[in-house]
Amino acid sequence: MTRAAAQDHDHSHGQGHGHAHGASCASPAAGRLTPGRKAVLDILEGVGRPIGAYEMIDILAASAGRRPAPTQVYRALDFLVEQGLVHRLASRNAFLACCHGHDASEPVAFLICDGCGHVDEATSPALAADVAAVAGKRGFAPRAQIIEIAGRCAACQTEDAA
């Protein structure tokens, strides 16, 4: 995938790269959010970076005054992932909010900076075509199409060069 193709649909998440979510995350699933699911989503939107389930539990405990059971948090995260409101980064065992309106079956590439932890989400027609071609050639029907690319973001590369 070319850099230009990845930037067709580029969105930032991460440290120092705030991204407002809130009401822009309207989806059909948003109406079915229980208070627990909404609390989890609100936290992910508020932190603007990937966090793990146990960090989520700590944040919920601090705000609610009681520590939720891990199974409760994992169920909420699973639901939010299934609805396309949240993505799971397997390499980081972490979750982040998604409000970008791409189809749940559309391939998503996450550009994850090893330096600062910044995460960019990118989709493109070229990426979708390439993933479909690779899977189709092997008669494979993808369930999830998430690509994680580790490296250095532009800001860290600039710091490295200085």
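Modeller: Keep in mind that this is a predicted model. Of the contacts in the protein chain with a separation of 6 or more, 57% are between residues 24 or more positions apart.

Biologist: OK, and how many helices and strands are there in the protein chain?

Modeller: Six helices and six strands. Going from the N terminus, the order is α-β-α-α-α-β-β-β-β-α-β-α.

Biologist: How much of the chain is buried?

Modeller: Buried residues are 37% of the 162 in the protein chain.

Biologist: Switching to H4, which residues does it cover, and how far does it reach?

Modeller: H4 takes in residues 70–82, 13 residues in total. From first C-alpha to last it reaches 18 Å, close to the 18 Å expected at 1.5 Å a residue.

Biologist: Which residues of H4 are buried?

Modeller: Val-73, Ala-76, Leu-77, Phe-79 and Leu-80. Looking down the axis of H4, they fall within an arc of 160°, so they line one face of the helix.

Biologist: And what's on the other side of H4?

Modeller: Arg-75 and Glu-82 are there, and they're exposed.

Biologist: Back to the buried ones: what covers them?

Modeller: The cover includes two helices, H2 (35–47) and H3 (53–64), along with strands E2 (86–89) and E3 (94–97).

Biologist: Last one: which glycine follows H4, and what's its phi?

Modeller: That's Gly-84, with a positive phi near 80°.

Technical notes:
Residues are numbered from 1 along each chain as its sequence is written. This is a predicted model: local features need pLDDT of at least 70, side-chain atom pairs count only at pLDDT 80 or more; totals for chains, interfaces and linings use all residues. Side-chain values use heavy atoms; hydrogens and water are left out. Helices (H or I, at least four residues) and strands (E, at least two) are DSSP runs, numbered from the N terminus. The expected span of a helix is 1.5 Å times one less than its number of residues. Buried means under 20% relative accessible area, exposed over 50%, partly exposed in between (1.4 Å probe, protein chains only). The arc is that of the directions from the helix axis to the C-beta atoms. Contact means heavy atoms within 4.5 Å.
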